[in-house]
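Please write a short report on the charged and aromatic side-chain contacts in this protein.

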Amino acid sequence: MAHAHHHQSPLQVNEEHRGFRRGAAFIIGGLTSGHGVFHWLTQSFIVVLPEVRDLLLGGSVIAATSIQTTREIASGVVSLPGGVLTDALRRHWGWVMAVCMAMFGVGWILMAAGGWTVPGSAWLTSEQSMAAGEASGELNVLGYLLLLFGMAVVGMAASFWHLPAVAALSAQFSHRRASVLSFHGVGGNVGDVIGPVLTGLLLSVLTWQGIITIYGAVPVFLAFLVFWAFRDIGQQRHGEEQQRPASTMRHQIDETKILMHNGRMWGITAVAGLRGMAYIGFITVLPLYLADELNLKLQDGEGGFENLFIRGSLIGLLVLVGIFASPIMGYLSDRFGRKLVLIPGMAVLAVLTFLMASFGDTLAGMTILLAGLGLFLYSDQPILTATAMDIVREGTAATTLGLMSTSRFIFSAVSPLIAGALYTINPDNLFYYTTGLYVAAIVILFFIRLPRPAQAPTGDGHHDHGHGHDHAAHEAPVEEEGHGHDHGHRH
């Protein structure tokens, strides 16, 4: 008996190990942590953008904002076809996410290489290295091209990562969709807070290219951990999906055609696009505003360290309050309906952004307004995603995400350039431009009929026992406004 027990132990250990990786806490925690890494690096680059502009791009605001435009274009190019491929290649999601994490790091290393092309580049920040960059006063063409190419790689890797990650969470937690996606968004928010504050501190000691070089190495090593953790996440089928055969490319193309004829999906996509335009234009130019108008930048003599720390902290503050607000907003939208959360939230964003034109030219005023803005700035995106999932058919989760992402990136691609051009005319134009986009999104959302979110079954013994999934919804959602059903949503 002892001998038989000895041979069964490895199998038992392996089953326990697989069960651990399939637990709800592990899946949500792991994907949320990965999300944080992507946002940590992306938001860190926002903090160093004034230095990139002044030391590498000859002070050009348009060249600086075009880096974010490149990211939006690259992300949009891969989103829709990436969504179709992700649904069709579900069994290989672990490989997809591991490769995306590695390429994300490679992209940042390429961008850092652009900074090393500056004559006199060094790891440590010094007056000599600053003077070397400012002395030329011209755009460094090679460095600029490396920045654009690296950012394109970053954008594609980040866009592709989100497709299987969000699709897996949406499918496995269908009755708590907005809540889980909002919690997943909190991981991004944590990265958005830690990245800017840490980068602001490091920027007083290290050059921007030195910081990005170190940061870029982290995702490359994390790729191995990602593959170990999620190598079989796409094979965890449940609910209705257990009775359905695995997707084929032809099937996904057919499902995509049906999706394209869903009018409400296009409405939500337009709202997400305008919302994306507002965000990317604002967050790209904000650090330039803080450096130029509030003088939060490196200076000769004293004050450099404090200024950089405050700049990074302000951008981090924008997100910090969202860490607590986002899950609450997700829960409220699950409980009371998407519109009752989305429309008031966007209205607050519009008002606070408009007030920045009058009160954002002081450190105290900007601090208060950014804190208020953070309550809603990051909480509505996961709710918009959940809204789209409420509408569409089962089996097209990643395709839907791809469509939304592609549309958002199409809208957003030109936004940093528009915001940058308006900023050069008058810094306050940044806030008027962003406010107008929020108002347009509110108007469109007001006229879209949305289904009520699927409610978790009660009293039937179906509970989540920590295995990482809920049972799929079998009923068509009820209209929020009571206008009847849209036959284009899930069946």
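Glutamate 51 is buried, because its relative accessibility is 6%. Buried means under 20% relative accessible area, exposed means over 50%, and partly exposed lies in between (1.4 Å probe, protein chains only). This is a predicted model: local features need pLDDT of at least 70, side-chain atom pairs count only at pLDDT 80 or more, and totals for chains, interfaces and linings use all residues. Residues are numbered from 1 along each chain as its sequence is written, and side-chain values use heavy atoms, with hydrogens and water left out.

**Salt bridges**

Glutamate 51 has a charged partner, arginine 311, in a salt bridge. The term means a side-chain nitrogen of Lys or Arg within 4 Å of a carboxyl oxygen of Asp or Glu. Glutamate 51 sits in helix H2 (residues 24–55) and arginine 311 in helix H11 (residues 304–336), so the pair ties together parts that are 260 residues apart in sequence. Helices here are DSSP runs (H or I, at least four residues), numbered from the N terminus. Arginine 311 is buried too, with a relative accessible area of 0%.

The structure holds 6 salt bridges.

| Pair | Closest N and O atoms |
|---|---|
| Glutamate 51 and arginine 311 | 2.9 Å |
| Arginine 71 and glutamate 72 | 3.2 Å |
| Aspartate 380 and arginine 275 | 2.6 Å |

Aspartate 380 lies in helix H14 (residues 380–391) and arginine 275 in helix H10 (residues 263–292), so this pair ties together parts that are 105 residues apart in sequence. Aspartate 380 is buried at 5% relative accessibility. Arginine 275 is buried at 3%. Arginine 71 and glutamate 72 are both buried as well. A network of salt bridges links Arg53, Asp54 and Asp292.

**Aromatic pairs**

How many aromatic pairs does a search of the whole structure find? The count is 13. Rings of Phe, Tyr and Trp (its six-membered ring) pair if their centres lie within 6.5 Å; planes under 30 degrees apart are stacked, over 60 edge-to-face, and the rest tilted.

Tryptophan 116 and tryptophan 123 form a tilted pair, 5.0 Å centre to centre with 55° between the planes. Tryptophan 116 is partly exposed at 29% relative accessibility. Tryptophan 123 is partly exposed at 43%.

Phenylalanine 282 and phenylalanine 431 are also tilted, because their planes stand at 55°, with ring centres 6.4 Å apart. Phenylalanine 282 belongs to helix H10 and phenylalanine 431 to helix H17 (residues 429–446), so the pair ties together parts 149 residues apart in sequence. Both phenylalanine 282 and phenylalanine 431 are buried. One aromatic cluster is formed by Phe38, Phe45, Phe104, Trp108 and Trp161.

Conventions: Helix = DSSP H or I, 4+ residues; strand = E, 2+ residues; numbered from the N terminus.
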